[in-house]
Amino acid sequence: MDYNNPFEYASAFKLGADKIVDFYVPDYNYSRFIRSRRNIFLVGERGCGKSMTLLYNSVPIQQKKVEKESSKLKLDILCVHIPCNTPLMYRREYQLLNDFKASIISEHFLVLKIMFDIADSLSKIPNLTKGIDESELRKELGFLLPIKLPSRKPVLDGLAICCQKAINDAEKVINAKGPNVFYENALSFSSGVLSLLICLREIPKLADSHFALMLDDAQVLNKHQIKVLNSWIAYRDNSLFSFKIATTKVDRPPLHTASGGEIFEGHDFTSIDMEQPYQNRLSDFGKLARDIIRLRLKKTGISILKTPEEFFPVNPQFEKDMKKCEDSVRKEARKKFINGTQKQITDYVYKYARAKYFRDRSKRANLPPYSGFETLVHLSTGVIRNLLEPPYWMYDKIISEKRSKGEENPMIDEIPNSVQTEIILDRSEKKWAFINKGLDETIEKCSREQAKQLENLFENLAILFKTRLLKHKSEPRAISFTISETRFEHYPKLEKLLILAQKAMLLNTYTSSAKDLGKRETYYVPNRILWPIRGLDPVGQHARVSIKAVHLWAAASENKKIPFSKSENTEERGLFNDEQ
Amino acid sequence: MMNSNLFITVASWEDRFLLGFKRIIKKSNLTDVQMYYFEEYAERTVEHREAVKELCKKKNIHNTNYQISFKNSAESWKTIYNNITGLTKVANVTVDITTMPREIIWTILSQIDTNYVKVSYVYHKPERYDEEWLTRDPAKPRLVYKLAGMTKLGVPTCLLILTGYDVDRVQQLINFFEPSTTLLGVQKGKQLNNLKCNIEKSKKYEKEPGIVLFNVDAYCTDHGFAEIEKHIEPYINTTNLVMSSLGPKLSAIALYRLNRKYPDTALAYAPSREFNPEYSHGIGGTYINSL
């Protein structure tokens, strides 16, 4: 694709430094924790913005940013981005060795990777070593580390080259034919990273710097690397360094240390859930989504003045019909609550107006004309990549059409509502095709039986939500659920199934307070892009359906409908009480 | 007339495994057969293994069986290593790649010391593949022991995938390695339902950002080596290049040769945990070539 699609949704790594600076929205989320001296875990599935957050805060991107702003980089906290999803971390030769040797070689690779990224990142800071005698620093590094730095290169560039060489030296040995080949000159965290950081503090400009070592995709590290990493996290003195660990929720690494201990949340680290629960204009994610789209439109020069709502207009007929429903429901509310408060009326309209629109549609009518920025935010289910994906294909469609008509540099100042509807329905259909084709073909460790069970489960959830939308008395638009009565023999199987659904990006989870005694409870939110092709309303309401584990399991394993009652089965949340 | 001494194979329940073996022993004077079989499919392959045993007995060929497993790849690697090193006294080795997982093909070929041994490979096409499904339940992709190349730090990953009939597994590999560029080599031709099951399905990647499609022919003399080389060349020195094949088995030979020519590149295997008992039917043409 040879044009600049503003809604590029692939990995943050592909965006490049300029776009990361331009597109990143630093507010409304937890990225402020990155620039702290605490150990932090950023947890969330693919596409929720972990890498973008780490990359934005990294030294090279911050340097780029200050250059653009003609300001100066602050050196108090230096964030070093350490991507773990590289072929180096996938090497498996350690499995041919005994545990002791496996642990040593695994740590060696991780240490060198971290050292390389530190050197590479700091080398992007101009004039960092200006005014100091680099040969002295070189000598000191040579004394502390078992490496000989090239004298003709700037010290940090030379250090990066040495790390590269050291890794390749070890790989050469490891690649040799025999099973027990082992690299003797391995580095540990203290002999490698710690020595390097101490040495770097000798650079006057870094004398008071704190190094935030940001390991991205830490779930790919092997078990030995996880254990040593946890041991380093357990290192209590965070004056010199701290860790920021980004990992997926499913497959999140265990918390054991190399010495057999464990690290504890609150004590050794703080966890941040990067998946955002709600989407409306007032929620954090709602604001974030709006800023992301607004910035992308502005920075790519596509639409400087238009708001996201103007760029993604709502179908006017839909708007008109919805207005009619609201008026009608408001009238109904006024009759029902003769001396009622304004809040009672507003809540009633909130609950039933949209439901009325979906209920009153003729059975023969086409699917609703899904469109508008708000709809896109709801469809994202709180995942940034999901937010950008439909707009990417909408934009691509219009550009392709204009080009096929001979326009060389087509301008787009809005996405017509018809194109929005077409792409939303297409993406929704594709998501179901992904489920129906059999998740066992793409999702790791998903058996044929589980793939079928997941297909049944989502099918029955769709039926339940549709039935509720058409018939439920109090919470017709609830499209998230919690699980009750989990003391059930097949619950572990159900849990496994739900984890597979998370892996497949079909289900999001987050914890929130339950009604009973403030207990924390897991909320399950199916990916809302599933709903348009089923004629459901992706704009859910602040309620979740409480479903018994036995019923969910029967839906999955026997394709039984989930029981529905017109008035029960739902727990309402306060309108905004769960919003971050 | 072939002149091999040692024949290495992986037992399968597919027709072409036994029919192919019969073809080979008719034409050659084998002295030894090393037959590996997977623990996970031991029951399914027992009949064919017994048949091979009988055939070897009749022809006075020394036959040894070794159990390996998908779930314990380290132990399997060691088993192969122990059997392959020290083959210096064997003049010729023929590796039957027909029913051999790619990871095992690469492991065996890389362990044979070609300074002493002449290596050939043999491949029997099936008459047809099952149309419903071939493999399911994919496990985590993995780099092959000792063939994971030399890492370049600070550069992106480029992923080469030769597509096959399970086109959806392409996405699994992309999700796993998260490459900046993906090169998709799609097998040419209408043979064995390739048009419907591979070419048509691969088209969905045409418009995906960061994906480049090209055609390749694993059934030509070099098994696609030159065509693949042309496409990977710009990425060899600038990326960490990972190569994987989901396509025709013969393409594994091309990838192995490329890995040997460019040792910085890595070979990756995408395992499946379930194979169709009706994976293929009958036997077609046979390819024999030296490595």
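Author: Happy to! In this predicted model, 40 Å separate the centres of domain 1 and domain 2 of chain A, taken over C-alpha atoms. Domain 1 of chain A covers residues 36-273, and domain 2 of chain A covers 438-580. Contact between the two domains involves 5 residues of domain 1 of chain A and 5 residues of domain 2 of chain A. On the domain 1 side, the touching residues of chain A comprise 4 charged and 1 nonpolar, with no polar ones.

Now for the close look: a pair of helices in chain A. Helix 14 of chain A spans residues 384-404, and helix 15 of chain A spans residues 417-436. The crossing of helix 14 of chain A past helix 15 of chain A is right-handed.

Which residues meet there? From helix 14 of chain A come A:Glu389, A:Pro390, A:Trp393, A:Met394, A:Lys397 and A:Ile398. Helix 15 of chain A brings A:Val419, A:Gln420, A:Ile423, A:Ile424 and A:Arg427 to meet them. By class, this contact between helix 14 and helix 15 of chain A has 7 nonpolar, 3 charged and 1 polar residues.

Chain B has an open sheet of 6 strands, ordered 3-2-1-4-5-16, and its pairing is mixed. At the edges are strand 3 (62-68) and strand 16 (286-290) of chain B, each of which pairs on one side only. On average, neighbouring strands of this sheet are turned by 20 degrees against each other, direction ignored.

Strand 2 of chain B, residues 32-38, pairs with strand 3 of chain B in the parallel sense, over 7 bridges. Across from B:Tyr36 stands B:Tyr66, in strand 3 of chain B.

Helix 1 of chain B (residues 15-27) lies across strand 1 (6-10), strand 4 (92-96), strand 5 (118-124) and strand 16 of chain B. Helix 1 of chain B runs at about 130 degrees to strand 5 of chain B. Helix 4 of chain B (residues 102-111) lies across strand 1, strand 2, strand 4 and strand 5 of chain B, and runs at about 170 degrees to strand 4 of chain B.

Notes. Residues are numbered from 1 along each chain as its sequence is written. Chains are lettered from A and ligands numbered from 1 in the order in which they are written. This is a predicted model: local features need pLDDT of at least 70, side-chain atom pairs count only at pLDDT 80 or more; totals for chains, interfaces and linings use all residues. Domain bounds come from an automatic or database domain assignment. Two residues are in contact if their C-beta atoms, placed from the backbone, lie within 7 Å. Ala, Val, Leu, Ile, Met, Phe, Trp, Tyr, Cys and Pro count as nonpolar, Asp, Glu, Lys and Arg as charged, and the others, Gly among them, as polar. Axes are lines fitted to C-alpha atoms, for helices over the stretch in contact, and angles run from 0 to 180 degrees between N-to-C directions. Helices (H or I, at least four residues) and strands (E, at least two) are DSSP runs, numbered from the N terminus. A crossing is left-handed if the near helix is turned anticlockwise from the far one by less than a right angle, and right-handed if clockwise. Two strands pair if DSSP finds at least two bridges between them.
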